[in-house]
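These are my notebook entries on one protein model.

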Amino acid sequence: MMKKWSLGSKRSGTTNKGHFVVYTKDERRFVVPLPHLENPLFKELLKMAKDEFGLACNGPIRLTCNAQYMEYVLSLLSRQDSQKAIEKTSLCFPK
C-alpha cells in the first residue's frame, strides 16, 4: 500500500491533481493528498520543517522526519479511525 504513497527514486516534475510532493530528511519523495494539509499531525510536521529549514520558496518541501516515519504517518492518515490513532501518536522522530 505504501508504494501508492511513495514514489521512491522516481522524481518526475509532475504530480497528480489534488496532491503535493514532500521529501524526507533521507531524500525520499512522497506524493500526499491535499486534504492531509488540514490534519493537525501533518500541520505539525510542516511547522517543524519550517522551524528547522525555513520556508521553501524555490525548492521542494523537506520534512524533518525519515521515510519510515512518513510512511507511518501516511498510513495513519489513510485509515478510517485515524483521529483516534493520531491522538495516541507522539511526534518523536526516529534518528
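I began with the contacts, taken as heavy atoms within 4.5 Å. Of the contacts in the protein with a separation of 6 or more, 49% are between residues 24 or more positions apart. I note that this is a predicted model, in which local features need pLDDT of at least 70 and side-chain atom pairs count only at pLDDT 80 or more, while totals for chains, interfaces and linings use all residues. Residues are numbered from 1 along each chain as its sequence is written, and side-chain values use heavy atoms, with hydrogens and water left out.

**Elements.** I found four helices and four strands, in the order α-β-β-β-α-β-α-α from the N terminus on. Both kinds are DSSP runs numbered from the N terminus: H or I with at least four residues for helices, E with at least two for strands.

I took buried as under 20% relative accessible area, exposed as over 50%, and partly exposed as in between, with a 1.4 Å probe and protein chains only. On that scale, 37% of the 95 residues are buried. In soluble globular proteins, nonpolar side chains tend to be buried together. For Met-70, leaving out residues up to four places away in sequence, I listed contacts with Val-22, Thr-24, Phe-30, Val-32, Phe-42, Leu-45, Leu-63 and Cys-65.

**Salt bridges.** I counted three, each requiring a side-chain nitrogen of Lys or Arg within 4 Å of a carboxyl oxygen of Asp or Glu.

- Glu-27 pairs with Arg-62, with the closest N and O atoms 3.2 Å apart. Glu-27 is in the loop between S2 and S3 and Arg-62 is in strand S4, so the pair ties together parts that are 35 residues apart in sequence. Glu-27 is partly exposed at 39% relative accessible area, and Arg-62 is partly exposed at 32%.
- Glu-71 pairs with Arg-28 at 3.2 Å, N to O. This pair links helix H3 to the loop between S2 and S3, 43 residues apart. Glu-71 is partly exposed at 22% relative accessibility, as is Arg-28 at 26%.
- Asp-51 pairs with Lys-47, the closest N and O atoms being 3.2 Å apart. Both residues belong to helix H2 and are four residues apart, about one turn of the helix. Asp-51 is exposed at 55%, whereas Lys-47 is partly exposed at 46%.

**Largest pocket.** I defined a pocket on a 1 Å grid over the protein atoms alone, as an open set of points where a 1.4 Å probe fits, with protein on both sides within 12 Å along at least five of seven lines; lining residues have an atom within 4 Å of a point. The largest one holds about 190 Å³, a volume being the space filled by probe spheres set on the points. Its lining consists of Leu-46, Ala-49, Lys-50, Phe-53, Gly-54, Leu-55, Ala-56, Pro-60, Ile-61 and Arg-62. Helix H2 (40-53) and strand S4 (61-62) are the elements that give two or more residues to this lining, and H2 gives the most, with four.
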